[in-house]
Each structure stands twice: as structure tokens, then as C-alpha cells.
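Got the viewer open and the chains coloured separately? Let's take a short walk through this one, stop by stop.

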Amino acid sequence: MSAAPAGRLELVRSLKTNTDARRLFACLVGGLVLALMTGPSGSASAPTSGFTGSILNPRVFGFLGFGAAIWLLMTVRHRFGDRIRAASDRVQASPRRLLPDRRLRYGIYAVVLAIAIVYPMHLSGFWQEVLVDQVGVYVLLAVGLNVVVGYAGLLDLGYIAFYAIGAYSAAYWTGALPIHPFVHLNPFWAIPFAILAATIAGVILGAPTLRLRGDYLAIVTLGFGEIIQIVATNLTGVTGGAQGVIGIPHFSIHLFGIRYAWGINNLPYYYLLLGFVVVVLVLFRSLENSRVGRFWTAIREDEVAAEASGINVLKYKVMAFAIGASTSGFAGMLTASKIAFVEPGDFTVQLSILILVLVIFGGMGSLPGAVVGAAVLQWAPWYLREHPILGFQQQDIYIYLGALLVVMMIFRPEGMIPSRRRRREIGLAEHGVGHADALSGTGPGPVA
Amino acid sequence: MCFTQNFSNAIVLGLADGFIYALIALGYTLVYGVLQLINFAHSEVFMSGGFAGYFILNAIIGTRQPHGAASFGLVVLGILGGAAGGGLIAFILERVAYRPLRKRNAPKLAFLISAIGASYFLYNLAGKEFGRDSVSIPSPFTNGTVFSVFGAQVQTYYLVIAIAALVMLVLLDRLVAVTRLGKGIRAVAQDAETASLMGVNIDRIISQTFVIGGLLGGAAGFLFGLSSGVVYTMGFTPALKAFTAAVLGGIGNIRGAVLGGLLLGIAENLSVTCIGFQWRDVMAFGILVVVLLVRPTGILGERLGRSA
Amino acid sequence: MHKRSMILIAPVAAGALLLGTLGGVAAASSSHASKPTYTIAYEGPLSGGNAQLGLNMLYSVKLAVNQANAGTTFGSLPFKLKFTSADDQGSASQSPTAAQSLINNSSVVAVVGPAFSGATKAAEPLFSAAHLATVSPSATAPALATQGWHNFFRVVADDNAQGPGDALFVVKKLGAKRVYTIDDASAYATGLISAFDSAAQHLGATVTHVEAPGTTQCQAGTGNVQQYGALASQIKGSNAPVTFYAGYYCDFALLAKAVRAAGYTGTLMSDDGSLDPHYISESSASVANGTYLSCACTNLGTTKVDKAFSSGFRKLAHFAVGTYSAEAYDAANTIIATMKKLGTKVNRKAIVSGLTKIVYPGLTKRVHFQKNGDIAGTAVYIYKVTNGTIVEVGPVSSLVK
């Protein structure tokens with residue numbers, strides 16, 4: 001008789017440590033959470049109605065079943081992991097390793113570019129709009145931030161400030177602001193000035209602060225982002241204040257007999273953006289493989305050793321910052337000219353954080369990662385709005401994004417399309433060798 | 001001089017703000033001490049405390065206006081409820097968003113993104129479930145001026161914050177200095193590997209550290225909500241300011257977090273007598289940058305190991 | 001076994017047959033009277049810090065569509081209406097995409113919104129090119145009417161109309177020689193307060209103006225909730241008889257609480273952004289009583305029609321009507337009235353031209369539009385919080401003799 005109770009306790013204890021059982025529990029809870037996320041909403045006067053409507057309801061069984069199915073998949077992968085992992089590793093490898101033949105690789109890039117040029121012409125006005133305003137601009141922002149965060153390993157939480165500077169430059173040089181420049185330019189010709197202004201801002205912010213360590217740099221850049229927004233809101237005489245400035249002209253070229261004016265049609269902006277993105281990608285790829293790129297890698301992996309090897313760490317950090325800023329400035333300039341309006345309320349800290357999310361989701365330090373990550377996360381909410389599944393509501397999108405991020409970081413912290421080097425760094429760190437990035441290696445703290 | 005007018009008022013208000021910042025900042029600093037990471041989702045712990053306190057007091061008080069001993073009891077109940085809500089969310093956060101990453105030695109940025117994701121998830125879910133409008137916590141006491149000091153009126157509300165905060169700070173100080181848990185926290189903060197060799201259960205210490213930070217942050221959420229109402233987006237700004245305060249005082253340093261919180265509150269309120277409210281954040285970040293340029297590790301320096 | 005199952009099967013089969021026939025008849029009869037379906041859309045913030053304002057308006061439009069389909073407001077209509085919405089987060093950068101999603105939807109014939117002035121500035125060029133009428137319930141920036149958008153209409157008076165009306169009331173009726181004015185640094189409030197300040201100064205009052213940004217507690221602002229403590233002591237120190245706040249109910253409630261706790265005894269007044277029962281619930285009846293609120297809208301909370309609107313709204317939304325709810329209801333109904341007039345020839349362009357001529361007796365005012373899309377008739381009405389409810393006092397023109 002005494003054996004039975006002890007046996008039951010043993011069972012419970014073994015269940016607590018059995019990884020399969022724990023995974024099942026986690027998956028079932030995950031199913032419940034999914035049921036809650038897709039269920040009806042509550043309100044302050046009826047706070048439990050959302051919970052009861054989603055969970056105390058037959059639909060919850062569907063979600064529990066879904067959780068169980070996921071558990072099954074995970075357990076199978078865990079059991080037969082090695083074979084599956086070997087196969088999936090081959091698929092995940094970076095393009096360069098996959099296709100060592102350079103001509104084949106360039107051929108594929110050419111095909112992708114051709115599709116990128118031709119396909120949008122067949123999209124409806126709405127999807128063209130999404131392609132430019134949501135996907136295109138954010139891809140550019142993600143690629144720029146990728147240089148700062150991914151290449152140089154600097155945590156910038158105020159990236160939108162440079163976007164704002166680009167946008168207000170557009171307004172300034174076209175004479176839309178209360179203060180006027182000595183010559184009014186068409187925004188197309190003001191593009192280099194916007195990029196220059198953003199770059200200078202990057203240097204001004206970076207030079208004194210890039211000496212600070214990772215977490216401190218994060219808070220300072222966050223503060224800078226907020227300061228830019230506040231300054232834009234308060235200096236009504238300079239920036240037009242909270243109401244913003246309307247009437248920024250669209251791009252137009254009038255040169256040597258070539259006349260072209262951008263209007264409200266999205267395609268011309270798309271091609272301008274595409275051109276710029278391609279140039280930027282080529283530039284950044286060559287930077288990545290140049291001496292500067294290697295300096296950045298050295299700084300990212302071990303700053304002290306890099307400094308000891310004679311690299312002027314501050315100079316290259318500021319360079320990364322400035323390059324990232326310039327890209328952001330162009331994006332801001334483009335949007336301001338396209339919408340013909342700029343207001344400070346759009347340049348929020350939350351937006352800076354979102355861009356960081358795009359970069360890391362896609363794969364920090366990886367160009368294809370930044371592009372694909374930004375494209376997917378920006379396109380998905382609008383796609384789901386048009387084709388809602390499971391009671392998806394557009395205003396709940398951040399609930400899904402948040403859950404996705406947590407899950408992503410648990411199962412694939414290197415991002416969707418990681419750079420080869422990052423994958424190796426993270427893989428080694430997982431087995432206890434070295435640190436996964438410069439931020440982890442400093443100060444005391446647990447490794448395991 | 002602009003900041004000598006209304007000086008005493010600025011100090012009183014600054015202390016009230018500062019105590020709230022301090023309570024939230026402690027959550028950041030404790031977690032940073034043991035894990036070297038910014039718990040970006042601490043703002044949602046704060047919010048959860050606010051909602052927990054709201055639901056409890058709303059259910060009990062309704063539309064009555066309590067007095068005397070009932071008021072005192074209700075305030076304590078609200079604080080405990082807020083703390084419990086915050087502690088619970090902090091516990092879940094650590095288990096779901098941080099522990100799996102720790103087990104895999106994930107890069108720091110992965111922790112940061114996971115925290116951001118958890119934060120997005122929590123506050124938007126709160127908005128979905130509890131509505132998007134602000135709700136006010138039924139007041140457990142009648143707010144009025146209790147006494148005046150140097151021309152500054154001290155309201156009941158400020159006293160409640162100050163007393164509650166001081167009690168919690170003293171308890172925390174004793175906890176860290178005297179109890180086994182406190183020793184464990186200090187050990188892990190100082191050198192985790194050695195601590196685990198000495199038999200400290202790191203997982204449990206980290207979890208308990210999160211919970212303690214959550215208790216403080218949740219209580220702060222309730223205290224904040226008493227005057228400002230509770231809403232799903234309430235966490236972002238106070239938590240950001242509190243994190244600034246933690247860095248200002250020296251991240252990882254408990255006394256630094258308290259000092260940073262109080263200093264930031266006072267500095268903000270003093271500066272507002274000179275510059276407008278719309279420049280307040282610029283001032284706060286300006287102070288931070290100056291301090292960091294001069295003393296990169298914060299005023300009291302960063303550490304936790306040596307009993308704060 | 002056989003017999004028993006036959007006994008069970010027979011009635012079941014008969015029942016199924018009966019239901020099937022009935023269903024078929026019903027389907028056939030409904031397919032006889034198939035009306036065209038049009039969609040009325042709403043664009044505004046549905047997530048983020050300003051979500052509540054957006055939801056206040058969304059449910060009004062939804063209610064209007066439901067009531068029109070049920071025949072309660074307009075009797076039987078020759079078409080069916082559907083409702084859709086697009087979330088622009090109140091932001092000018094999201095607005096074009098949200099707008100385009102509505103433009104792309106060929107069933108959408110008119111839009112209530114965009115709610116915010118900034119979002120409207122960004123989206124109107126697109127709506128204009130698509131000849132899609134937009135009737136905004138809340139965008140008050142004066143600049144919107146001067147851009148030459150033929151499809152732009154609004155049922156709310158712009159800042160240049162409301163500001164002077166408010167100032168007239170404060171200086172002449174309340175007799176204030178000194179006024180303390182505060183704005184929440186939003187696009188809406190800064191426009192209103194500059195109109196108010198200059199009008200008040202022209203009338204001979206001294207104006208002390210302070211900007212206290214709206215807090216994240218209430219909106220997507222950069223302000224800190226703690227500022228109200230300091231602001232309250234400044235206001236108390238100034239001893240101005242009237243304090244005018246331009247902003248929204250949530251921040252105004254926090255200010256009112258702080259100001260009364262600091263012992264200020266002067267009169268508080270705010271604009272239509274605060275014309276929301278949450279102002280009272282978030283501050284408390286004792287704090288809110290005696291506050292004046294202004295709006296270029298009338299009849300709220302009094303008439304039978306309005307009471308029907310309030311209860312219908314509450315049933316649909318699970319919260320009470322708030323800021324701009326009534327305006328959005330009027331906007332939607334004006335569109336439906338225009339469509340009714342067009343009968344079967346409903347399309348986007350027809351609605352645009354129909355709106356230029358329509359006269360509709362709305363809840364908040366008699367709706368008809370000027371040439372530039374502005375609402376005609378910009379009388380400002382004053383409300384007062386009495387005994388815990390908002391009660392209309394009357395139009396400024398009759399209060400100030």
C-alpha cells in the first residue's frame with residue numbers, strides 16, 4: 001500500500017523533468033494562447049469576456065489539437081533530429097555556399113531582379129502602394145540599420161531620427177518649411193542634401209557616444225530618437241510644429257530635354273526605390289567583404305582585441321553609424337516627397353524599435369536576411385487583412401508579431417536568413433565556446 | 001533664478017515621481033545584475049500591476065468613498081494586488097521569453113528581441129482584452145493636502161507613495177543583505193559560474209530575481225495608476241524613464257537605482273520650472289548623456305555583487 | 001430493430017424534407033429581391049495610442065449602416081449596405097496604404113474619415129484621384145479645405161471657427177480678464193489654441209499659454225503624466241479665473257484632478273475633444289462638476305433620437321458614446337441620405353457631387369457643406385458638467401449678448 005503513493009509522486013516528478021511531457025505542456029498552453037489571441041475582445045467593464053469567449057468555448061479544442069500536432073512534429077524532429085537537421089542545414093546554407101559558381105549566382109540575382117522589375121506592373125494599385133510604402137521603404141531602412149547593428153554590432157534604438165532628418169530636409173530644400181533656404185530645389189535634386197544632412201547627424205550623434213558600451217549606447221540612441229521628435233514638434237517656427245508641413249512637391253527631373261515628374265502613381269517611386277536599393281545592396285555587399293567589413297567584424301566580435309590590433313575602433317563605428325544614417329535619410333526624403341506631407345507624430349521610438357525587429361528577424365548581419373525579413377513582416381499584416389484567417393483583425397497584429405518574435409528567438413535566434421558567420425558564432429556559443437556577440441562578452445554574468 | 005521659484009514644490013513633486021521611478025528602476029537593475037540584460041518587457045510588468053490593482057479595488061470599492069482604517073487597508077490591498085500581478089507576469093516572462101534563450105546561450109540581441117516581442121504581445125493583448133480606454137482606480141482615500149513644507153503642499157497621495165516605497169526599499173535592502181536568497185542573488189551577480197559550483201541553483205535565483213523585480217514594478221504600477229489611471233499603453237514612458245534612472249545611478253547597483261530614480265524625478269521637476277513641459281524629455285536625456293560622458297558607468301558605478 | 005429504426009427515420013426524413021423545401025422557398029424569394037450592395041468604409045486609428053478615439057467613430061458608422069439596412073433611419077432603401085474599416089493608426093505614413101486598400105475595394109462608394117488631420121493630408125490626394133468621397137468627422141485642420149480636393153468634406157468645424165467662439169464665451173460671458181491656456185502639443189490642439197489665444201487677446205484678455213504634451217497614458221504623445229502636478233501648482237499660483245485646455249478628455253481629466261487637488265478654484269474649460277463621459281469617470285464627479293466644454297455640435301444627450309443613438313451604440317460597442325461618436329454618425333447618415341437620393345445610380349462620382357448639394361438634419365447639426373468641403377454653419381455650443389453629467393447650455397451666440 002505504501003508503494004502506490006510514492007509511485008504517484010515519482011510519476012509526477014518524472015513528468016516534470018521529462019522533456020517530452022514538458023514540451024507537450026508548452027504546446028498545449030501555446031494552443032490556448034493562440035485561441036485567446038484569435039478570440040473575441042473584452043473591455044474594461046467586461047474584462048473576462050474576451051477570455052471566456054475564446055477559451056470556454058468549443059473552438060478551444062481545435063487549438064488544443066493544433067498544439068498537440070505541433071508537439072508531435074517537434075518530438076519527431078527531436079527523436080529523428082540528426083537526419084533531418086543534416087538535410088535542413090544543406091537547404092539553409094547561404095547562397096554563396098549553395099552556389100559556389102559565381103556565374104550561376106549572378107544569373108539567379110539577374111532573374112530575381114527581372115521579376116522585381118516586371119511583376120509589380122501587374123499588381124493592383126493597393127499592392128503597389130504596399131510594395132512602396134510598406135515593403136520598399138522598410139527594406140531600405142532595414143538594410144541601413146543592418147550595417148549599424150549587424151556589421152558593426154552597435155545597438156541603435158533611435159534609427160528613425162535620421163529618417164525624420166531626411167524627411168524634414170525634403171521639406172526644407174523645397175521651401176515648404178517656415179524657414180527657407182537660399183535656393184528652392186526640386187526634391188529630386190535635394191536627395192544628396194538629405195543624405196548629407198542625415199550623415200552629418202549620424203556623425204554628430206556617433207562621435208561622442210559610440211565610446212559607450214552596448215546597453216548604454218542603446219539608451220542614448222533611444223534618447224536621441226525621442227529628442228528629434230520632440231524638437232520637431234516644439235520648434236513650430238522652424239519645422240511647422242505638430243501640424244506638420246504640407247505641400248512638399250513630388251520629384252521631377254527637368255534636364256537636357258528629359259522631363260519626368262513623379263505623381264501619386266506608385267510605380268515610378270517603386271523603380272526609384274528599387275534602383276536605390278540595388279545600388280545600396282551592391283555597395284554594402286562590397287563593403288562587407290572589404291577591409292572595412294573585416295574591421296567591423298573584428299569590432300563586433302571582440303572590441304578590445306580589435307583596438308589592441310591597431311584598428312581605430314571609434315572611426316569605424318562612426319562610419320557604420322553614418323552609412324546607416326544616410327540610407328535612412330534617403331528613405332525619409334522619398335516618403336516625404338511622395339506623401340507631400342511631413343508631421344513629427346510619425347517619427348516615434350516605437351518605429352525605431354520596429355525596424356530593429358525587422359533586421360533581427362531577417363538575420364542580423366545578412367543582406368538577404370534584412371531584405372526578406374523586412375519584406376515579410378511588412379507585407380504580412382496587409383495580406384492577412386485582405387485574406388483574414390481564424391478571425392484575424394488588423395489592429396491585433398502586434399500580438400501576433402510579439403508572439404512570433406519570442407518563438408523565433410527561441411528556435412532561430414540567428415534570424416530567417418542568417419549570415420554564415422553569425423550562424424557559426426551562434427552555433428559555437430550554443431555549445432559554450434565564445435560569445436554570440438560583442439554585447440554578451442562584457443562584464444560578469446552567467447554563461448550557462 | 002528660475003528653479004528657485006517653486007523650489008520646494010519641485011522637490012516634493014520630484015520625490016513623488018522619483019520614488020515611482022526608483023521602484024521600476026529596481027526591477028531593471030536587479031535583472032541586469034544577474035543576467036546582464038535589459039528586461040525590455042518590464043514596462044508590461046508595471047502595467048500588469050496597474051490592472052491587477054484596478055480590478056481588485058474596483059471589485060471591492062465600487063462607488064463608495066472609504067475613510068480611515070478602511071482606506072489604509074485598501075491601499076495595502078491594492079499594493080499587494082499590484083505586486084502580485086507584476087510578480088506573476090515577471091515569473092511567466094522569465095520562463096517563456098528568457099529561460100529558453102539562456103539554455104541555448106543565445107546572443108544578447110536575441111534576448112532583447114524576445115523581450116520586445118513579449119512586450120508587444122502583453123500590452124496589445126491587454127488592450128484587446130481590457131479595452132483601449134483609460135480607466136481610473138476608485139480612490140481608496142480622499143486626496144487632499146496633508147501638510148505644507150516651505151510652501152509646498154504635500155498631498156495624501158505623495159505620502160502614500162513615499163511611505164510605500166520606503167517600506168519596500170527597506171525590505172529589499174534587508175532581503176539582499178541578510179537572507180539566503182539575497183546572498184544567492186549577489187553571488188550570481190558577481191560570478192555565476194563559481195556560484196553554481198558552490199551549490200547555488202542559478203535557475204531558481206534568476207527566477208526569483210525576476211519575481212522580486214516584478215513585485216516592485218507591479219506595486220509601482222498600482223501607485224502610479226492611483227493618480228493617473230490604468231491603460232494598456234501605460235508602461236512605455238515610465239519604464240523608459242526608469243531605465244534611464246537605473247543607468248544614471250549605475251546599472252546593476254540597487255542603491256544606484258534608487259538614487260538615480262530620485263535624482264531624475266527631482267531634476268525633471270526642477271528643470272520644468274525653467275524650460276517648458278514640452279522640453280522635459282530632452283532635459284532628462286541631456287542629463288543622462290552628460291553623466292555618461294563624464295562617468296560612463298553611472299553615478300554610483302555598476303555592480304551588484306558587493307551588497308549594492 | 002428494423003421497425004424501430006424505420007419509426008425513427010421516417011419523421012427525421014420528413015422533417016428534413018420540410019426544412020429543405022422551406023429553405024428553398026426562402027432562398028428563391030430572397031433571390032427575387034436582390035438589391036445591389038454598396039460598402040461604406042471608415043478610416044481611422046484602430047490600434048496604438050489613439051485607438052479609443054478611432055473606435056468611438058467606427059462603431060457609429062457601423063451602427064448607421066446596421067440601422068439603414070434594418071430600415072429604421074431611412075425606411076426601405078433600394079440597396080444593401082456593408083461596412084468595412086481600415087486602420088491607419090492615426091499616422092500620415094500608414095494612411096496612404098490604408099486609403100489605397102479602401103480605394104482598391106470596388107464595393108466601397110464613400111468613406112467616413114480619415115479621423116486625424118495628418119492622416120487626411122497624406123491620403124486625400126489618393127482619394128481625390130479616385131473620386132472617392134471622404135467625409136471626416138474629426139479632422140479640423142484649416143489647411144484641409146484649401147488644397148482643392150473636390151471629394152473632401154467634413155462635418156466638424158475647423159479650428160478657426162471653434163477657437164474664436166470659445167474665446168468669446170470665456171472673455172465675454174465668463175468675464176475672464178486673464179486666461180490660462182494649455183494645449184497638448186497635438187496637431188489638433190495647437191491649431192485650436194493659437195486661434196483661441198489670438199481671439200482672446202483681441203477681446204482684451206491677458207493670456208498665459210503653456211504647452212503640456214499629451215501623455216502616452218492617454219494618446220500616442222510624448223508627455224509625462226507627472227507634469228500635471230507641476231502644471232497644477234503653476235495654475236494655482238497664477239490665480240487665473242479661467243483655465244482653457246485644448247486636447248482630449250483623458251489628459252484633461254488628469255489635469256482637472258491635479259488642479260483641484262492643488263486647491264485651484266477657478267473655472268475649467270475644454271474643447272470638443274473632451275466632450276466625452278469618460279472625462280467625468282476618469283476624474284470624478286466632484287472634480288468635473290462645473291467644467292465647461294465646447295463643441296460645434298448640438299443636441300447631445302437630450303433628444304429622443306440622440307438617446308436612441310446612445311443606447312444603440314452602447315449595445316454594439318460595449319462602451320458608451322464618446323468624443324466624435326455623434327459626428328461620425330452624422331457623417332455616415334449624410335452619406336446614406338445622399339445615396340438614397342441617388343436611388344439606383346450610386347457610384348463614387350455621383351456621391352461626391354451629391355454631397356455638395358445634400359442637406360441632412362443630423363444629430364449634431366444641420367449638415368450641409370460649403371464649396372470647399374467645410375461644414376456650413378459653424379455655431380459653437382457650450383456644455384457644462386452638472387451633477388455628474390454633461391448638459392448642454394446653449395450656443396455661444398445666444399449666451400453672449
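Before the first stop, one term: two residues are in contact if their C-beta atoms, placed from the backbone, lie within 7 Å. This is a predicted model, where local features need pLDDT of at least 70, side-chain atom pairs count only at pLDDT 80 or more, and totals for chains, interfaces and linings use all residues. Residues are numbered from 1 along each chain as its sequence is written, while chains are lettered from A and ligands numbered from 1 in the order in which they are written.

Start where the chains meet: 50 residues of chain B are in contact with 47 residues of chain A. On the chain B side, now pick out α4(B), which gives the largest share, 16 residues. Helices here are DSSP runs of H or I with at least four residues, strands are runs of E with at least two, and both are numbered from the N terminus. Colour that side by residue type and you'll find 32 nonpolar, 10 polar and 8 charged residues. (Ala, Val, Leu, Ile, Met, Phe, Trp, Tyr, Cys and Pro count as nonpolar, Asp, Glu, Lys and Arg as charged, and the others, Gly among them, as polar.)

Next, show chain B as a cartoon: there are 11 helices and 2 strands. Its C-alpha atoms fill a box of roughly 55 × 50 × 35 Å along the principal axes.

Last stop, chain A. Select 3-39 plus 52-92 for domain 1, then 123-430 for domain 2; these bounds come from an automatic or database domain assignment. The centres of the two domains, taken over C-alpha atoms, are 38 Å apart.
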